[in-house]
Amino acid sequence: MTREMVQTFGEQRAPVIVGSGVLASIAKRVREVNGGRNPTKVLIVCDGAIELTWGEVVATAWKDEASDGIEVMRIALCATESAKSVASWQLILDAAVRGGLDRKSLIVAVGGGITTDIAGFAAASYLRGIPWIAVPTTLLGMVDAALGGKTGINLPTGGGALGKNLAGAFWPPAAVLCDTLTLSTLPIRTFRAGLAECVKHAMLGDTTIDPLLEDALRSYSSSQAGDQWRLIDLVARAAAVKLAIVARDPKEANERMLLNLGHTFAHAIESELSSEVLHGEAVALGLIAASNASVASGRMTQAQSRMLRDRIAALGFGITLPRHVSLEKLVIAAGFDKKREGASLTLVLPLAQGSAEIVRGENWELLRDGFRSIGSS
Ligand SMILES: NC(=O)c1ccc[n+]([C@@H]2O[C@H](COP(=O)([O-])OP(=O)(O)OC[C@H]3O[C@@H](n4cnc5c(N)ncnc54)[C@H](O)[C@@H]3O)[C@@H](O)[C@H]2O)c1
Ligand SMILES: [Zn+2]
């Protein structure tokens, strides 16, 4: 029960495998992408919260294969934004030096977007780059963070603030293995947060994703074959949208910016309500805001925007800010968005026919319309 796709990043091709129970065969799959050879050494970098569950499954899969003497090492990381840091990156580099990893060794990142971002960046920088495998274990990781080749860490910007992803590299993994069974241990709120990125991908071009979302919510914690198949189908379709865009524009010269749909709004919401909303919850609000900005600019109808809002509500997301935040605070927060160029603001606005447009210009009024639609004033 697997779906296999290919991530194309410039000249590089990497398999993206989505299936139920695929982690048990990770060693075999690594050999396949490695021309039939085992790596010299393997360093598993695992989110500490799942070290004893999914980290163990990955380590055991290699133990079974260890007869020809490959050495498998493990370290655990803390998966918080404040620990997505130089210190965690260094922890991996230290382990790589201690373990004597060489250019034919492999880093395997097991966890959500925080873990794959840090471990991928360590792989990019150790010995000027060694191969790595992404094993995303959150829905957001499977359909977004582990795809597209971006890796990185946060840097402090003073006064306790975190500059998100300020250090990083484009360094795509040699393979992405999405085991939908790993989703079964996610808290429902974290799982739902990933659905917001799936809604975004539906809006960017694959409307067949929409009817799968509520089913996925009902079946995420089940290991029944039928339910697993639903999850595999959702992950594969949502991942395919990002893979297609990245293949056409790997380094975000233009089209890849579409993946920021809803995110200018979301980042502003997160910067004001960071302890109250998850990224995906902010994205859900951001998508509603973006669709209302689209209505205000004549790109969508009221009825279409209302349909989107109802779909998002049906998934259990809040459709207004959890508490009042002033419009000006949010606009200022959006003004510090790194996509700002001079006085103009780049907004990604959804279009009626299931795609989106990158709109550059003095879009501050549209931004306000968007924030008003989710309860700011
Ligand atoms: N590189 C990219 O292109 C890209 C794109 C989008 C997001 N990101 C990054 O991804 C990060 C967010 O990723 P995320 O939402 O996956 O967050 P995350 O890695 O923090 O995981 C969310 C939570 O789920 C826990 N967890 C992970 N897998 C689990 C499992 N199977 N069972 C139980 N608990 C589990 C983690 O410990 C954590 O508490 C952000 O840092 C963001 O910047 C990167
Ligand atoms: Zn996002």
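Domain bounds here come from an automatic or database domain assignment. On that basis the protein chain is divided into domain 1, residues 2-248, and domain 2, residues 261-373.

Some housekeeping. What you see is a predicted model, in which local features need pLDDT of at least 70 and side-chain atom pairs count only at pLDDT 80 or more, while totals for chains, interfaces and linings use all residues. Residues are numbered from 1 along each chain as its sequence is written, and chains are lettered from A and ligands numbered from 1 in the order in which they are written.

Overall fold, then. The protein chain has 13 helices and 11 strands; these are DSSP runs, H or I of at least four residues for helices and E of at least two for strands, numbered from the N terminus. The radius of gyration, taken over C-alpha atoms, is 20 Å, close to the 21 Å from the globule rule (2.2 Å times the number of residues to the power 0.38) for 377 residues, so the chain is as compact as a globular protein of that length. Its C-alpha trace spans about 65 × 50 × 35 Å along the principal axes.

Now the two domains. Their centres, taken over C-alpha atoms, are 28 Å apart. Counting a contact when C-beta atoms, placed from the backbone, lie within 7 Å, 18 residues of domain 1 touch 19 residues of domain 2. On the domain 1 side, α6 (188-203) and α7 (210-219) each supply at least two residues. The most comes from α6, with 10 residues.

Next, the ligand. How many residues surround ligand 1? There are 27, and the closest are A49, G112, G113, I114 and T138; near means a C-beta atom, placed from the backbone, within 6 Å of the molecule. Elements giving two or more residues to this shell are α4 (113-125) and α5 (139-145). By class, the shell has 8 nonpolar, 13 polar and 6 charged residues. Nonpolar covers Ala, Val, Leu, Ile, Met, Phe, Trp, Tyr, Cys and Pro; charged covers Asp, Glu, Lys and Arg; the others, Gly among them, are polar.

Last, helix α13, residues 364-373. Its buried residues are L366, L367, R368, G370, F371 and S373, where buried means 20 or more other C-beta atoms, placed from the backbone, within 10 Å of the residue's own. The cover over them includes α9 (263-272), α10 (279-296), α12 (327-335) and β10 (345-351). After α13 comes G375, with a positive phi near 100°.

Conventions: Contact = placed C-beta atoms within 7 Å. Buried ≥ 20, exposed ≤ 12 C-beta atoms within 10 Å, placed from the backbone.
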